[in-house]
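Look through the sequence and the model below. The paragraphs that follow go through a few places in turn.

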Amino acid sequence: VILTMGGDFTDQQAEMYFANMEKLIRYVQKEKSSEVNIFYSTPSCYLKAVNDAKLQWTTKDDDFFPYASDPHSYWTGYFSSRPTIKFFERMGNNLLQISKQLAVVTRLEGYEEQLERFREAMGVMQHHDAVTGTEKQLVADDYERILYAGVQQGVNVAFKALRKWRSSGNSDFASENMYTCMQLNISTCLYTEDEDFVLAIYNPLSQNVVSPIRIPVQQGKYSVVDLTDGNEITS
C-alpha cells in the first residue's frame with residue numbers, strides 16, 4: 001500500500017513536517033509491527049514490490065478531466081484563464097528559439113549569459129501555476145516581470161545577430177536602430193504608426209511558411225516593397 005504524503009506548501013516547514021511523519025512511523029512500528037511494516041520509500045521501490053508480489057492493478061485510461069477536488073470545484077477554468085500571460089509565454093518561447101538560432105548562425109560571441117537568463121525565465125514559466133494562470137495576482141505580476149526581462153535579453157541577442165548578418169553586405173544597416181512590437185495583442189506599435197519603416201521578417205523553421213504578417217499602422221496609403229528585389233508585395 002502506498003501512502004502519498006505532502007501537497008502545496010506543506011514543505012515550507014520541512015523540519016516540522018518530517019518530524020510528524022517520524023512520529024507516525026514510530027507509532028505504527030510500536031503498535032502494529034506484527035501486522036504492518038511502514039517505512040520511507042519511493043515510487044520505483046513501490047512498483048518493484050508490486051511486481052515482486054506478482055500483483056496486477058487496474059489502469060485508468062479514460063479522461064482525467066474534468067477533475068474535481070471538492071464538491072462543485074472542477075479543475076477546468078485554467079484552460080482559458082489569463083490568456084495574455086499564456087500568449088506572452090508562447091511568444092517568449094518563439095523568441096528564445098529564434099535568438100538561440102540566430103546566435104549560432106551568425107557565430108555571435110559574448111551573449112551566452114543573456115541567453116541563459118532567457119532560458120531560465122522560460123523555465124520558470126513552465127511551472128504548472130505559471131502557464132495555467134492559477135497563481136495569485138502578485139505572483140502573476142512577478143512572472144511577467146521575469147519573462148519581460150528575459151525577452152529583452154533575447155531581443156538584444158537577436159538584434160545583434162541580425163545586424164552582424166546584414167552588415168556583412170550592407171554597411172548602412174549596421175547603424176540602424178531596431179525595435180520590436182511587444183503590444184501587438186492590443187494592436188499597437190509605436191514604431192509602425194508614425195512613419196515609414198523597414199520590417200525584418202525571419203522564419204526560423206526549416207520549411208517555407210505562408211502566414212499573414214499583422215502590423216498596426218495609421219490610416220493612409222502604404223506600399224509594401226520587398227527590399228531584396230524591389231517588387232511590391234500584396235498587402
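In this predicted model, Ile 233 has a relative accessible area of 41%. That value falls between the 20% under which a residue is buried and the 50% over which a residue is exposed, so Ile 233 counts as partly exposed. Ile 233 is found in the segment that comes after helix H5 (137-167). Along the sequence Ile 233 and Ser 223 are ten residues apart, and in space their C-alpha atoms are 7.9 Å apart. When neighbours within four places in sequence are left aside, the contacts of Ile 233 are Val 224, Val 225 and Asp 226.

Next come the cysteines. How many disulfides does a search of the whole structure find? The search finds one. This disulfide is between Cys 181 and Cys 189, with an S to S distance of 1.8 Å. The torsion about their S-S bond is about -60°, and therefore the disulfide is left-handed. Cys 181 and Cys 189 are both buried. Cys 45, by contrast, has a relative accessibility of 45% and is classed as partly exposed.

Phe 64, Phe 65, Tyr 67, Trp 75 and Phe 79 make a nonpolar surface patch of about 590 Å². One of these residues, Phe 64, sits in the loop that runs between helix H2 (43-52) and strand E1 (68-70). Is Phe 64 buried or exposed? Its relative accessibility is 53%; because a residue over 50% is exposed, Phe 64 counts as exposed.

Key
Residues numbered from 1 in each chain as written. Predicted model: local features only at pLDDT ≥ 70, side-chain atom pairs only at ≥ 80, totals over all residues. Heavy atoms only, no water. Helix = DSSP H or I, 4+ residues; strand = E, 2+ residues; numbered from the N terminus. Buried < 20%, exposed > 50% of the residue type's maximum accessible area, 1.4 Å probe, protein only. Contact = heavy atoms within 4.5 Å. Disulfide = S-S within 2.5 Å. Patch = residues over 30% accessible without salt bridge, like charges linked within 9 Å, V, L, I, M, F, W, Y side chains within 5 Å. Areas by Shrake-Rupley, 256 points an atom, 1.4 Å probe, with all protein chains shown as cover. Salt bridge = Lys/Arg side-chain N within 4 Å of Asp/Glu carboxyl O.
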